[in-house]
Amino acid sequence: MPRPGFVLEVDKSTPPILFWRGENFSLEKLPAGRSRVIYAPEPLPAIEDVDGAIRHALLNPIEQDPLPEQLFPGMKLTIAFDDVSLPLPKMQRPDIRQRVIEAVLDMAAEAGVDDVHIISALALHRRMTEAELRHAVGDRVYDAFAPRGTLYQHDAEDPENLSYLGTTPHGEDVEINKRAAESDLLVYVNINLVAMDGGWKSTATGLSSYKSLRHHHNPETMIHSRSFMDQHRSELHKSNWRMGKVLLDSGVKVFQIETTLNTDTFPSPFGFLAKREWEWKPSDRMTFLASTKALNRTPTRLARKIFHSIEAPHQMTSVQAGDVEAVHRITTEHVYKQQLVEVKGQTDILTLGIPYISPYNVHSILNPILVMCMGLGYYFNMYKGMPLVREGGVIIMTHPTQPDFHPVHHPSYIDFFEQVLADTTDPKVMSQKWEKQYAEDEWYKHLYRTTYAYHGVHPFYMWYWGSHALQHCSRIIIVGGDPKTVRRLGFVPASTMDDALEIASDVVGRAPTITHLHAPPLMVADVS
Amino acid sequence: MISENLHGKRIAVTGATGFVGTALVERLLFSVPDCEVVLLVRNGRRTAAAERVRREIFKNDAFDRLRASLGPAFDATMQRRVSVVAGDVGTDGLGLSDEDAKTFASCDTIIHSAASVSFDSPLDSAVEVNLLGPMRIAELVNRIGPRANGTFPHLVAVSTCYVAGNRRGTAPEQLVSAGPFDIGLNWKTEVTAARRLRGDAEAASRMPSELQKFRSEARSELGAAGAPALAEKTEQNRERWVKDQLVEAGRSRAASVGWPDAYAFTKALGEQALHETKGAVPVSIVRPSIIESALAEPSPGWIRGFRMAEPVIISYARGLLDQFPGVPEGTVDVIPVDIVVAAIIAVAALGPEDAPHITQVASGSTNPLKYRTLVDNVRDWFTEHPIYDSEGQPIVVADWKFPGRGKVEKQLTRAKSIITKSEKVLQALPLRGNQATWSAKLEDKRGDLERALEYVELYGLYTECEAIYSVDNLLAINDRLDAHDRSAFCLDPRVVDWPTYISTIHLPSIVLHSRVKTTPGKSTLDRSDRLRKQILDPKRHVAAFDLENTLISSNVVESYSWLATRRLNSPERVRYVLRTMKEAPNLLSMDRKDRSDFLRYFYRRYEDAPVEQIEEDSRELLAQLIMTKSFPAGLRRVREHRALGHRTILITGAMSFAVEGLRPLFDEIVAAEMTIRPDGTYSGELAKVPPTGETRAQVLAEYCAAEGLRLEESIAYADSSSDLPMLEAVGFPVAVNPETRLAAIARKRGWLVENWEKSPGGPRPRLPLGPMMSEREQKRFSVRNGRNSYRSLS
């Protein structure tokens, strides 16, 4: 029986705690008596017969007819799937999406459906490379569909292939992929890594365009999403649910398949990363020492390559299909079951070790903007109830934060960093002053459509994710970051954790309470 | 007395655009209310004489007080009192029209202050102007004949004290030929010899061996910049060589007969020639010593041009020259310009009868400035008011040790030879960007040293000169002046208090003129920012970009390799890489010689490549090669231009299909085009001359002409000296990551230099090879296309 999540009160006998620092990690001694460390629950047991479970879910959907009954010859069937941003790290083959899609295709074949399109629902993310597509859907599906042009990626800048469905009562435009909108059935294949994923966000965000996205991807919505991991208190989700209603009303028929994974994040040699420090065996200690020493001597470029080649042993803990909202309710329960940790009370200082990866830099670089997004957008929002850090508190992140950018994946990020952040770090100001220009830029559109670049507006969204944290905290400190870069982000650089605590002291006093979120593996703090 | 005597007179002035001339004209107009002046001025290359007078004389700050006192009447007054005749004292008959000659020769007084004062002018031009100039004036006046009243105009010729030559002791106010040290030179022989030397040098410079040398120098400076640019540079080199020969000839000839330089030498012979040929024309000679900034008139510290002592002093203040030869107790004979001007006017006012034949205007005999006093004052002043280096740090001036000339020269020569050697090493290395800038900095440093060495060679003699110029005639004139004259036309060298003059008048003035940095700290808006602002101005028209090493760090070989290997399996790739490596040196040297030959040769490899396949593969090229190797700052700049409404144009030797992905950035892409055979394969032959070298300049010019846009309002970005024609053609050239040669050129000409880099942390593929395709993919492709590689690989 896996152990649940756990909050450790740091005392004198507590060993130093592991902090991620990009493509490396360090051990930090936290002050005894006023620090605590939140550990994720251990991975839940996986479903053993994955294919059987999938088949069962498709044949026994929730609040919908079984899938085979919805399939008929001559119909237009579209299968959309989550893109390369999920799961993290990428899972060992076969990917769960491959298994689900193959199951759906088998049923479609049995039903004599021959007009099938498979679409990667990447919204404004970068296109996936051939290798990434093959990894997600498997070679069999890829080779059967890609050469015929029926496996492809959603293009949010192709006006020919978008369908405008109207507005929500709040005046939000709803525009999604035309093929998806005009199909007799849209099957969505999801991976629910965190509670934020899935539900109507799959279709209303994943298959939509800037016109539609801007209504919920903006500072106002982000500030009022408390948090993204708690659907009922998230404006982002409310907006997506309103859009989902428009989809239903326009006759788009969605068969939602959601899966959840356990938190078995790192393969064996890196197992110590998920362990509690006082339980490290001598072999774990050796691996830690050897790997940090080796990584210190490894050029960053190579270190990145090594880390991004890690494939997680994630395993499926649940699969459910049918009506979007009904399915998502069950999915969320499963996610919470794996990730929820009860935490009593807020803290003065929240410490976060930022790892090498985020949803937006698979096979790429966690550039400074993504560092901000990872810390303030994701980790800060890993709560239910109230934020882990009190209002006016301090966040300390550890990450090298070099001004490194991937020139193919993040071209607009580079300009955002040089142009927008040099001008303002205020999400509201930049949304009014700069967003439109980047969103409508022809060159960025061209790169998004023809290469592997994130959309021009994407860095803004990343910055907006952190809006609430920016407003909520009185100081953000990055330990070990390149000082010039950290200052450009509007944060304070510090060389060691001790320096950072010293810098924080004029805001939170000499004896602040400290909480460390020991992620990854991911968890959601249920703060009361 | 002076004002009265000159009342209503017409006075002709030559050399009015010079230092003494400008002050003289201003003084006449300001202090002699009713005189008229006739200015003999050369036509400029583009501006007519009258326009030159307006721009170069009336607009000079010397005229500020006159402008202020006349107010709106300034232009009309100038119109009334000043007439301009176009002429040149270097030509026989002064190059005047008949009418102008009459106007000129009918003046009451002619003040001849035109001279080739440059201490390093070529011998023949010094001879034409300094030696023959005064004589030509006398000749013209004699030819026109006496004026209506039967008299000839009074010719006041400005010469120099240094006609006395290198000598110690008193130099009296008499013709050199009348003194004891005359060696009996014949000026006519010198004239013939100087003209002959010019002819010889011109002829020698056209010998094949010399021409070869000029050409190879030009090539090593410009690289593959194309034939027209190379030709222009070669001719410049030849002209410079001829000039150097004649400068050297002047210096050695002067030294051989006892003068410090060609200027003093030709002036001395000029006096003699004038004396022998003046005929009926009454002549007075005024000989100033070293003329420096004004004591009081038209304003304290007024100076025009950068003259003899200034560059030396500024070099010292900049820490460039820490020693200057000279004996501490020696006399530096300096005289403020207003005293010289007053003396000239006084001589003119006295008229032919009363004026002394020769008047020396110098300070050495009555109020000597000792070299030590000068040096101490300069050092103290710069210690108190230091100049700041580019980093905003004050420059500490050295203690003067009064070394001998030989020692200083040796020191400088040694420093220069070290720098020249390191420069050669750097130039031989394939440097770019910041490293290339070091090399350019070294070149600057060498230039500075060369100049310092030149100063020492040229002016060292003057600080070592121990002649004392007597000023008896000058003082006699002074005695005859009334109180009003003495205040309006002070010509007494004894009034100068040297320490005050140096530290409160002269140094502040020359520091101001030399535009050195006098405030600490880095300037807030440095030069590059200023240039960038000019470039990113909505008024500009076109921004032209080179591609390779300007916007991306890649080249045609890489894009070819990428495309060629995309469909190869491992062993084929290895063979490809080996073969390319073997060929590399050959390709490189070909590229260096002529870019378009290289491209033609190289692009033949695309022969037989199926068009459809290349198009398909090229689409991936944007992500895999171009964006991966792009300079984000460069692409941002292209977009900034577009946002400002400028046209953007990409001019590249790359194949059109390889740069297709960049189309949204540019209004126009000019690239190499290849002809397509009917069977849908490329022929390997270019449809027209690839846009390289001077072709780029032409392409850009044609584009501008066709679109009604102006080149002067356009910007060009390029990385190599082979792009010089294009960079020179536009109003705003920008050198991007320049290689050594271009870095040096850009620095010299004050062009904006941008150092753009690839995104740090981005992928760095070691070899530009296409990603391996899975076997299945390759099979699919080969089935469809019937072949999977190009001619050169199969």
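## Exercises on chain A of a predicted model

The secondary structure of chain A comprises 21 helices and 20 strands, where helices (H or I, at least four residues) and strands (E, at least two) are DSSP runs numbered from the N terminus. The model is predicted: local features need pLDDT of at least 70, side-chain atom pairs count only at pLDDT 80 or more, and totals for chains, interfaces and linings use all residues. Residues are numbered from 1 along each chain as its sequence is written, while chains are lettered from A and ligands numbered from 1 in the order in which they are written.

**Exercise 1.** Determine how the radius of gyration of chain A relates to that of a compact globule.

*Solution.* Step one: the rule for a globule is 2.2 Å times the number of residues to the power 0.38, with the radius taken over C-alpha atoms. Step three: the C-alpha trace of chain A spans about 70 × 55 × 45 Å along its principal axes.

**Exercise 2.** Describe the contact between domain 1 and domain 2 of chain A.

*Solution.* Step one: the domain assignment, which is automatic or from a database, gives domain 1 (6–39 + 344–527) and domain 2 (50–261) of chain A. Their C-alpha centres lie 29 Å apart. Step two: domain 1 contributes 30 residues and domain 2 contributes 28 residues to the contact; residues are in contact if their C-beta atoms, placed from the backbone, lie within 7 Å. Step three: on the domain 1 side, H18(A) provides the largest share, 4 residues. Step four: by class, that side has 18 nonpolar, 8 polar and 4 charged residues. Here Ala, Val, Leu, Ile, Met, Phe, Trp, Tyr, Cys and Pro count as nonpolar, Asp, Glu, Lys and Arg as charged, and the others, Gly among them, as polar.

**Exercise 3.** Identify the residues by which H13(A) and H18(A) touch.

*Solution.* Step one: the axes of H13(A) (residues 368–379) and H18(A) come within 7 Å and cross at roughly 30 degrees. Axes are lines fitted to C-alpha atoms, for helices over the stretch in contact, and angles run from 0 to 180 degrees between N-to-C directions. Step two: H13(A) supplies Ile369(A), Leu370(A), Met372(A), Cys373(A) and Gly377(A), and H18(A) supplies Pro459(A), Met462(A), Trp463(A) and Trp465(A). Step three: this contact has 8 nonpolar, 1 polar and no charged residues.

Definitions and conventions: Two residues are in contact if their C-beta atoms, placed from the backbone, lie within 7 Å.
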